[in-house]
Amino acid sequence: MKKYLLILLLAFGFLVRVHAQDGQRLEAYKIAYLTKKLDLSPEEAKLFWPIYNKYTGDIRSIREEQKEKNSTEIEVEEKILVVRKKYNGEFSKALSAEKINTFFRSEKDFKTEIQRVLQERRMNRQQNKRGLRD
C-alpha cells in the first residue's frame, strides 16, 4: 500500500512538470487513484465508469459555464451539489452506499493531494531561486 502511494505521489510530481497534456494526465491519475480507493470488482467497474464519465462531463460543463458567464463561486458550488445529488442515485446502480461515500470522499482527497503537491513544488522552486541568488 505504501509503495503504491509513493509511486502515485512520484507520478503526481512528474505530472505537475508536464504542461502539454495536463488535463488528460491529471484525469488518468485521478482514475487510477479512484480505482485503488474504491477497490472495484469487474462488475462494479463495468457499471461505474460510464456513469462516472457522464458525471465528470456534467461537472466540466458547469465549470466551463462559470468561465463564460463569470458566475459566482456560490452559484457554481450550488450547481455542482445538484449534480452530485443526482449522481448519488445514479452511482447506486453500480456501487454500495459505502462505496459511493468513499468515491465522493476520495474525490475531495485527490484534489487536496494535488493542491499539496503543487504548493510543495512552488515552495521548492522559490527556495531554489533564492539559493541561486545567494
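Helices here are DSSP runs of H or I with at least four residues, and strands are E runs of at least two, numbered from the N terminus. What we have is a predicted model, where local features need pLDDT of at least 70, side-chain atom pairs count only at pLDDT 80 or more, and totals for chains, interfaces and linings use all residues. Residues are numbered from 1 along each chain as its sequence is written, and side-chain values use heavy atoms, with hydrogens and water left out.

I start with helix H3. Tryptophan 49 and tyrosine 52 sit three residues apart in H3, so about one helical turn separates them. An α-helix has 3.6 residues a turn, so residues three or four places apart point the same way. For accessibility, buried means under 20% relative accessible area, exposed means over 50%, and partly exposed is in between, with a 1.4 Å probe and protein chains only. Tryptophan 49 is buried at 17%, and tyrosine 52 is buried at 0%.

Now the aromatic pairs. Rings of Phe, Tyr and Trp (its six-membered ring) pair if their centres lie within 6.5 Å; planes under 30 degrees apart are stacked, over 60 edge-to-face, and the rest tilted. The structure holds 16 such pairs. For tryptophan 49 and tyrosine 52, the ring centres are 5.1 Å apart and the planes meet at 85 degrees, so this pair is edge-to-face. Both residues belong to one aromatic cluster, together with Phe48, Tyr55, Tyr87, Phe91, Phe103 and Phe104.

Next, the core. A nonpolar core is a set of buried Ala, Val, Leu, Ile, Met, Phe, Trp, Tyr and Cys residues joined through side-chain atoms within 4.5 Å. The largest one has 21 residues, and those touching the most other members are Leu40, Phe48, Trp49, Tyr52, Tyr55, Phe91 and Phe103. Helices H2 (22–38), H3, H4 and H5 each supply at least two residues, and H3 gives the most, with eight. Take leucine 40: with contact meaning heavy atoms within 4.5 Å, and leaving aside neighbours within four places in sequence, leucine 40 touches Thr35, Ala45, Phe48, Trp49, Leu95 and Lys99.

On to H4. This helix has 19 residues and reaches 26 Å from first C-alpha to last, close to the 27 Å expected at 1.5 Å a residue; the expected span is 1.5 Å times one less than the number of residues. Which residues of H4 are buried? They are Val76, Ile80, Val83, Tyr87 and Phe91. These cover an arc of only 75 degrees around the axis, which puts them on the same side of H4. The arc is that of the directions from the helix axis to the C-beta atoms. The face turned away from that buried side carries the exposed residues Ile74, Glu78, Val82 and Lys85.

Last, salt bridges, meaning a side-chain nitrogen of Lys or Arg within 4 Å of a carboxyl oxygen of Asp or Glu. The count is 10. Aspartate 58 pairs with lysine 86, with the closest N and O atoms 3.7 Å apart. This pair links helix H3 (residues 42–69) to helix H4 (residues 73–91) across 28 residues of sequence. Glutamate 77 and arginine 63 also form a salt bridge, at 3.5 Å from N to O. Glutamate 77 lies in H4 and arginine 63 in H3, so this pair ties together parts 14 residues apart in sequence. Glutamate 77 is partly exposed at 37%, and arginine 63 is partly exposed at 30%.
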